[in-house]
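Let's walk through a protein model together, one feature at a time. Keep the picture in view as you read.

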Amino acid sequence: MAGKGTSRTGGYAVYLIPGVILSVAIIVVPLIMTVYTSFTKWNGVGDQKWIGFDNYTRLFEDTLFWSSFGHIFLLIIAMAVVPTLLGLVLAAVLFDYIAKTFNNRWASVFRSGFYIPQVIPVAVTGIVWGWILHPDYGALNKILDTIGLSGLAQNWLGDPNYALYSVMGVMIWFQLGYPIVMFMSGLQRVDPSLYEAADLDGASWWQRFRKITIYMIRPEFYVVLVTTTIAALKIFGQIFVLTRGGPSNSTLVPSYFAYKNFFEKAQVGYGSAISTVLTVIIIVLAFVFLRLQNRAEKAGA
């Protein structure tokens, strides 16, 4: 019997081979090539010249690199912190109030509406928001002018003082649907008797939210936080479509900084060093989040 079980397990492993091959070809090999290239001076053609840690020395002395990471911290707030907290509250309202006061269909309609930005192509959302925020014919400035607040109208994406905050607002809108869907999914596995008992004890909605909702969906909370943080670190498409890192590098982020060095300046070795550092940061953050999640789960067990 043991031999039969071992044989069956070995048979299942065969089905993993295509996925492993694709992962090695698409992820592992390019990653190794990027790390190697980061130690060279190369313009994308011809021979690579080994220069050791020169690219990394230059990188850590580059003010644009550090400036791009400063922007990333703000985008993490816009893409991870705010959507996670706001999504948690909205998911609880939809699940605990809208679904009970009206019906589940209305809660599903609102959930789908919040999630729509996630399924629309990034290029489309970027172009639409570019129209909305345009200084001359943009909808936002037109609305401000209509309601008598024309003094607040700005060149939202063209002014270095407002560009990054405008992108942050767009990213909150873009990212909000994901945590709502995740948290509503987590709420469906919470035992309804917990809420019923809380109601009988006279607990308010806020007390139920703090003592039951947040506690019971901690796994989803960690998953949402780590995935949205990684998404913020990797952000590229929205920056490319909306601002291309400008104006005056006010919305420059590491991924777009790497792109500029790869394709615009033909400094492939330097761009690879930026990508390698960003990859290491993402791996370390993911590891830290997973450790914190495991520790929280053990403490709550």
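Which helices each supply at least two residues of the lining of the largest pocket? They are α14 (254–264) and α15 (268–300). Before going on, note that this is a predicted model, where local features need pLDDT of at least 70, side-chain atom pairs count only at pLDDT 80 or more, and totals for chains, interfaces and linings use all residues. Residues are numbered from 1 along each chain as its sequence is written, and side-chain values use heavy atoms, leaving out hydrogens and water.

Back to the pocket. Rolling a probe the size of a water molecule over the atoms shows where empty space is left. Here a pocket is an open set of points on a 1 Å grid over the protein atoms alone, where a 1.4 Å probe fits, with protein on both sides within 12 Å along at least five of seven lines; lining residues have an atom within 4 Å of a point. The largest pocket holds about 260 Å³ of space. Its lining has 13 residues, and nearest the centre lie Lys 234, Ser 255, Ala 258, Ser 275 and Leu 278. Helix α14 gives the largest share of that lining, 6 residues. (Helices are DSSP runs of H or I, at least four residues, numbered from the N terminus.) By type, the lining divides into 9 nonpolar, 3 polar and 1 charged.

Now look for paired charges. Side chains of opposite charge can pair when their charged atoms come close. Counting a salt bridge as a side-chain nitrogen of Lys or Arg within 4 Å of a carboxyl oxygen of Asp or Glu, the model has 2 salt bridges. In one, Glu 220 pairs with Arg 189, with the closest N and O atoms 2.7 Å apart. This pair links distant parts of the chain, 31 residues apart: Glu 220 sits in helix α12 (residues 218–234), and Arg 189 in the loop between α9 (177–187) and α10 (192–200). Glu 220 is buried at 13% relative accessibility, while Arg 189 is partly exposed at 44%. (Buried means under 20% relative accessible area, exposed over 50%, and partly exposed in between, with a 1.4 Å probe and protein chains only.) Another salt bridge joins Arg 208 to Asp 199, with the closest N and O atoms 2.9 Å apart. Arg 208 is buried at 12%, and Asp 199 is partly exposed at 41%.

Finally, find helix α6 (residues 122–132), whose buried residues are Thr 125, Gly 126 and Trp 129. Seen down the axis of α6, these buried residues fall within an arc of 100°, so they line one face of the helix; the arc is that of the directions from the helix axis to the C-beta atoms.

Technical notes:
Grid points are joined across faces, edges and corners, and a volume is the space filled by probe spheres set on the points. Ala, Val, Leu, Ile, Met, Phe, Trp, Tyr, Cys and Pro count as nonpolar, Asp, Glu, Lys and Arg as charged, and the others, Gly among them, as polar.
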